[in-house]
Amino acid sequence: MPENQFLAVLSLLGGILLFVLVLVLAWLCTRWLGMRYSGFRIGGAVEVLDRTAIGPDRTLVIVRAGGKVWMLGVTPQNITFLGDLDPEKFADLPQDTKKDMASASAATMADFSRALQDAMGKWGSAKRQKKDKQDE
């Protein structure tokens with residue numbers, strides 16, 4: 001009997017050790033994949049200049065691609081083009097530097113705020129023009 005109990009305890013400890021090993025490997029893989037596919041690439045053709053959450057699963061993103069700067073609205077189901085922005089307002093931001101969004105400076109946040117106001121102004125004037133054409 002004591003030999004059977006020893007084998008049962010040994011089997012239980014082995015199972016617990018295997019479970020902990022699987023958890024540690026899953027955690028390490030998640031960290032590795034997160035760093036590899038974080039969305040920030042050095043020297044890529046498309047660069048995310050800034051982003052801000054505006055609600056659950058809703059984000060405004062400023063993107064530079066091919067010398068143009070765009071504002072996009074991003075949800076889990078859709079990416080919506082909101083408008084062109086002036087590339088000169090973002091010329092001081094390095095084009096090939098990996099950016100840490102968590103420690104964005106106040107100047108970048110001010111640029112984002114200004115860009116959002118510009119885009120909202122363009123969107124509002126375009127909407128008013130469309131409404132005026134419909135009223136005619």
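Trainee: Let's start at the sheet: in β3, which residue is the bridge partner of threonine 59?
Mentor: Keep in mind that this is a predicted model. β2 covers residues 58–65 and β3 covers 68–74, and 7 bridges join these two antiparallel strands. On the β3 side, the bridge partner of threonine 59 is valine 74.

Trainee: And in the hairpin of β2 and β3, which residue takes a positive phi?
Mentor: The hairpin leaves 2 residues between the strands. The one with a positive phi, near 60°, is glycine 66.

Trainee: Moving back a strand, how many bridges pair β1 and β2?
Mentor: β1 spans residues 46–55, and β1 and β2 form a hairpin with 2 residues between them. Their pairing is antiparallel, and the number of bridges is 8.

Trainee: In β2, which residue is the bridge partner of glutamate 47, and what is the N to O distance where their side chains meet?
Mentor: The bridge partner of glutamate 47 is arginine 64. Glutamate 47 is in β1 and arginine 64 in β2, 17 residues apart, and both are buried. Side chains of opposite charge can pair when their charged atoms come close. Here the two side chains meet in a salt bridge, N to O, at 3.5 Å.

Trainee: Why does valine 48 count as buried?
Mentor: Valine 48 belongs to strand β1. Buried means under 20% relative accessible area. Valine 48 qualifies because its relative accessible area is 18%.

Trainee: How many residues of β2 are buried?
Mentor: β2 is mostly covered. Arginine 64, in β2, is buried. Out of the 8 residues in the strand, the buried number is 6.

Trainee: Which element supplies the largest share of the largest nonpolar core?
Mentor: That core has 10 residues, among them Leu60, Ile62, Val69, Met71, Phe112 and Ala115. β2, β3 and α2 (106–135) each supply at least two of its residues. The largest share, 3 residues, comes from α2.

Trainee: How many bridges pair β3 with β4, and which residue in β4 is the bridge partner of glycine 73?
Mentor: β4 takes in residues 79–85, and β3 and β4 form a hairpin with 4 residues between them. They pair in the antiparallel sense, and the bridges number 6. As for glycine 73, its bridge partner in β4 is threonine 80.

Trainee: What pattern does the chain follow, read along the sequence?
Mentor: The chain has 2 helices and 4 strands. In sequence order, the pattern is α-β-β-β-β-α.

Key. Residues numbered from 1 in each chain as written. Predicted model: local features only at pLDDT ≥ 70, side-chain atom pairs only at ≥ 80, totals over all residues. Heavy atoms only, no water. Core = buried A, V, L, I, M, F, W, Y, C linked by side-chain atoms within 4.5 Å. Buried < 20%, exposed > 50% of the residue type's maximum accessible area, 1.4 Å probe, protein only. Salt bridge = Lys/Arg side-chain N within 4 Å of Asp/Glu carboxyl O. Pairing = 2+ DSSP bridges.
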